Amino acid sequence: MSSDCIFCKIAAGEIPCRKVYEDSDVLAFHDIHPVAPVHFMIIPKEHIASLADAHARHEMLLGRILMLAPTLAKEQGLTDGFRTVINTGRGGGQEVFHLHVHVFGGGKPRPM
Ligand code: 5GP
Ligand code: ZN
């Protein structure tokens, strides 16, 4: 755990969140500023600052996070599809430096 990381604090239960899913390694919760009718994030509980900071030992964990996305999206009502975004680094628009996968949808998708 990184003591000054807001997502570590959420993962530890020190800051409340609207939980979507939790197991021993992974947490999913709704984004506080949704960009679509449904918008949640899936994070590893382990502090990994960004995708660029992940190592080979995280391969299974990252695979599990991605494989959870369609299951959780469907559970949240996104039966017609969803978008996944991973912002990496300042140049990639990352604001919270704890790896997270955004999953959102439910409105008209903006063209990329
Ligand atoms: P990034 O730009 O780093 O990919 O996105 C970080 C996301 O975290 C933003 O969409 C922002 O709304 C969300 N966020 C920041 N602080 C909090 C918080 O305390 N709780 C929740 N649920 N979301 C947060
Ligand atoms: Zn963290």
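Predicted model: local features only at pLDDT ≥ 70, side-chain atom pairs only at ≥ 80, totals over all residues.
Residues are numbered from 1 along each chain as its sequence is written, and chains are lettered from A and ligands numbered from 1 in the order in which they are written. Local features need pLDDT of at least 70 and side-chain atom pairs count only at pLDDT 80 or more, while totals for chains, interfaces and linings use all residues; side-chain values use heavy atoms, with hydrogens and water left out.

The sheet comes first. Five strands form an open sheet in the order β1-β2-β3-β5-β4, with antiparallel pairing. Its edge strands are β1 and β4 (83–85), each of which pairs on one side only. From one strand to the next the twist averages 20°. Helices (H or I, at least four residues) and strands (E, at least two) are DSSP runs numbered from the N terminus, and two strands pair if DSSP finds at least two bridges between them. Strands of a sheet pair through backbone hydrogen bonds, either parallel or antiparallel.

At one end of this order, β1 (residues 19–22) is joined to β2 by three bridges, and the two run antiparallel. A hairpin of three residues connects β1 to β2. Lysine 19 stands opposite phenylalanine 29 in β2. Further along, five bridges join β3 (residues 38–44) to β5 (residues 101–105), again antiparallel; here isoleucine 42 has valine 101 in β5 as its bridge partner.

Helix α2 (residues 59–75) lies across β1, β2, β3, β4 and β5 and runs at about 155° to β3. Contact means heavy atoms within 4.5 Å. Axes are lines fitted to C-alpha atoms, for helices over the stretch in contact, and angles run from 0 to 180 degrees between N-to-C directions.

Ligand 1 has 16 residues around it, of which Asp31, Glu95, Val96, His100 and His102 come nearest; a residue is near if one of its heavy atoms lies within 4 Å. The shell has seven nonpolar, seven polar and two charged residues, with Ala, Val, Leu, Ile, Met, Phe, Trp, Tyr, Cys and Pro counted as nonpolar, Asp, Glu, Lys and Arg as charged, and the others, Gly among them, as polar. Helix α1 (6–11) and strand β2 (26–30) each supply at least two shell residues, and α1 gives the most, with three.
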